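I opened my notebook to look up a few things in one structure. My entries follow in the order I made them.

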Amino acid sequence: MAYSKPANQGEIINEVNDNDAFWFPVIAGVATREEMERATMKEVQILNEVASRKLELMGGVGIEDE
């Protein structure tokens, strides 16, 4: 297995922050990366709302609070 040079940590953080609507449901555990890659925009919005509600019920922070 070949490994590439690690990316700059700042670049990684920016990439995740720029795509938080994609990653938020994955981090919250309501969708997989593969499901998010296949989701329509409406499905992405629904999954983000579900993730927000899950974290709210668990006492966490939703995406709009970041």
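Is I46 buried, partly exposed or exposed? I looked it up: I46 counts as partly exposed, because its relative accessibility is 45%. I noted its place too, which is in helix α4. I then checked one distance from I46. P25 is 21 residues away from I46 in sequence, and their C-alpha atoms are 9.5 Å apart in space.

**Entry: the model**

I wrote down that this is a predicted model. I looked up its confidence next. The average pLDDT of the chain is 88, and 86% of the residues score at least 70. I compared the helices: helix α1 (residues 9–18) has the lowest confidence, with a mean of 90, and helix α3 (residues 33–38) has the highest, at 97.

**Entry: the chain as a whole**

I counted four helices and zero strands. Read from the N terminus, the order of elements is α-α-α-α. The chain has 66 residues, and 20% of them count as buried.

**Entry: helix α2**

Which residues of helix α2 are buried? I found F24, P25 and A28, in a helix that covers residues 20–28. Looking down the axis of α2, I saw that these buried residues fall within an arc of 85°, so they line one face of the helix. I asked next what covers them, and the cover includes α3 and α4. Just after α2 I came to G29, which has a positive phi of about 85°.

I stayed in helix α2 for A21, which has its place there. A21 counts as partly exposed because its relative accessible area is 33%. I also checked A21 against M36: the two are 15 residues apart along the chain, and 9.6 Å separates their C-alpha atoms.

**Entry: the nonpolar core**

Which residues make up the largest nonpolar core? I listed five: A31, M36, A39, V44 and L47. Then I picked V44 and looked up what it touches. Leaving out residues up to four places away in sequence, V44 touches A21, M36 and A39. Two of these names, M36 and A39, are also on my list for the core.

**Entry: salt bridges**

How many salt bridges does the structure hold? I found two.

One of the two salt bridges joins R33 and E37, with 3.2 Å between the closest N and O atoms. I looked up where these residues sit. R33 and E37 are both in helix α3 and four residues apart, so about one helical turn separates them. I then looked up how open the two residues are. R33 counts as partly exposed, because its relative accessibility is 45%. E37 counts as exposed, because its relative accessibility is 51%.

R53 and E49 form a salt bridge as well, and their closest N and O atoms are 2.8 Å apart. Both residues lie in helix α4 (residues 41–57), with four residues, or about one turn of the helix, from one to the other. R53 is exposed, because its relative accessible area is 51%, and the cut-off for exposed is over 50%. E49 counts as partly exposed, because its relative accessibility is 39%.

Note on methods. Residues are numbered from 1 along each chain as its sequence is written. This is a predicted model: local features need pLDDT of at least 70, side-chain atom pairs count only at pLDDT 80 or more; totals for chains, interfaces and linings use all residues. Side-chain values use heavy atoms; hydrogens and water are left out. pLDDT is the predictor's confidence in each residue, from 0 to 100. Helices (H or I, at least four residues) and strands (E, at least two) are DSSP runs, numbered from the N terminus. Buried means under 20% relative accessible area, exposed over 50%, partly exposed in between (1.4 Å probe, protein chains only). A salt bridge is a side-chain nitrogen of Lys or Arg within 4 Å of a carboxyl oxygen of Asp or Glu. The arc is that of the directions from the helix axis to the C-beta atoms. Contact means heavy atoms within 4.5 Å. A nonpolar core is a set of buried Ala, Val, Leu, Ile, Met, Phe, Trp, Tyr and Cys residues joined through side-chain atoms within 4.5 Å.
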